Amino acid sequence: MPIDTQALNRGRHSLDNYDELWLFGYGSLIYKVDFPYLSKEPAHIHGYQRRLWQGSSDHRGTPDSPGRVATLTPVNGAVCYGIAYHVTQEEFEHLDHREKNGYLREEIDIFFQNGRKVRGLVYMATPDNEAFLGGATIEELAQHIFNSSGPSGDNKDYVYELAKALRARGVVDEHVLALEQALLKIESR
Ligand code: SIN
């Protein structure tokens, strides 16, 4: 899969049939909301875990030295908590550009706290995209993140902002919390 997924995403789901759509955000889309939305609600999806396994050469790293950002990895029985945004289809031009480094829009069931379910979209970066980095130990991931920086800022701030935003919403994500702790440990050395 090419490193720039904008054209793939445009051809993927025709958004023409929708006036408004739900988008599930689980990474920077939780704390950096640079798009207008009609409403937003805490939400979750089933069958996926949040992992910082996707490479970032355009936001939190460079092409020579990619950083690490969140993607979703399928795990039976897992639940991933995030935010669902109700957006108009025009927003996807900006969103596709923002998420172009390996993410494809996938259709997914999004669940709200009151039990309501909607069919929406999520940006997902799968292992077959060229920017995918995959897993490593928490210490290795944290060291990589600590050393990385890109046009959107230091990679460690991606983790700190995400951890803070999840905490503020009462979400316990062991992976993100472990990375935050490991980064703070590196910082204190
Ligand atoms: C998301 O936040 O939903 C996608 C990954 C990211 O932009 O960090």
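Which cavity is the space taken by the ligand? I looked, and the ligand's space is the largest cavity. By cavity I mean a set of points on a 1 Å grid over the protein atoms alone where a 1.4 Å probe fits but cannot get out.

A note on my source: this is a predicted model, where local features need pLDDT of at least 70, side-chain atom pairs count only at pLDDT 80 or more, and totals for chains, interfaces and linings use all residues. Residues are numbered from 1 along each chain as its sequence is written, and side-chain values use heavy atoms, with hydrogens and water left out.

Next I checked the ligand's neighbours. I found Phe-24, Gly-25, Tyr-26, Gly-27, Ser-28, Leu-29, Ala-70, Glu-99, Tyr-103 and Tyr-158 around the ligand, where a neighbour has a heavy atom within 4 Å.

Then I went through the polar contacts (pairs of N or O atoms within 3.5 Å). A ligand oxygen lies 3.0 Å from a polar backbone atom of Tyr-26. For Gly-27, I read 2.7 Å between a polar backbone atom and a ligand oxygen. For Ser-28, the distance from such a backbone atom to a ligand oxygen is 2.8 Å. On its own the ligand has 250 Å² of accessible area (Shrake-Rupley, 1.4 Å probe), and the protein covers 97% of that.

Last, I turned to the cavity itself. The largest cavity holds about 250 Å³ of space, a volume filled by probe spheres set on the grid points. I noted 22 lining residues (an atom within 4 Å of a point), and the closest to the centre are Ser-28, His-59, Glu-99, Tyr-103 and Tyr-158.

Methods
Polar contact = N/O pair within 3.5 Å; in protein donor to acceptor, adjacent residues only side chain to side chain. 1 Å grid on protein atoms, 1.4 Å probe; cavity = no way out; pocket = protein on both sides within 12 Å on 5 of 7 lines; lining within 4 Å. Sits in = over half its atoms within 2 Å of the grid points.
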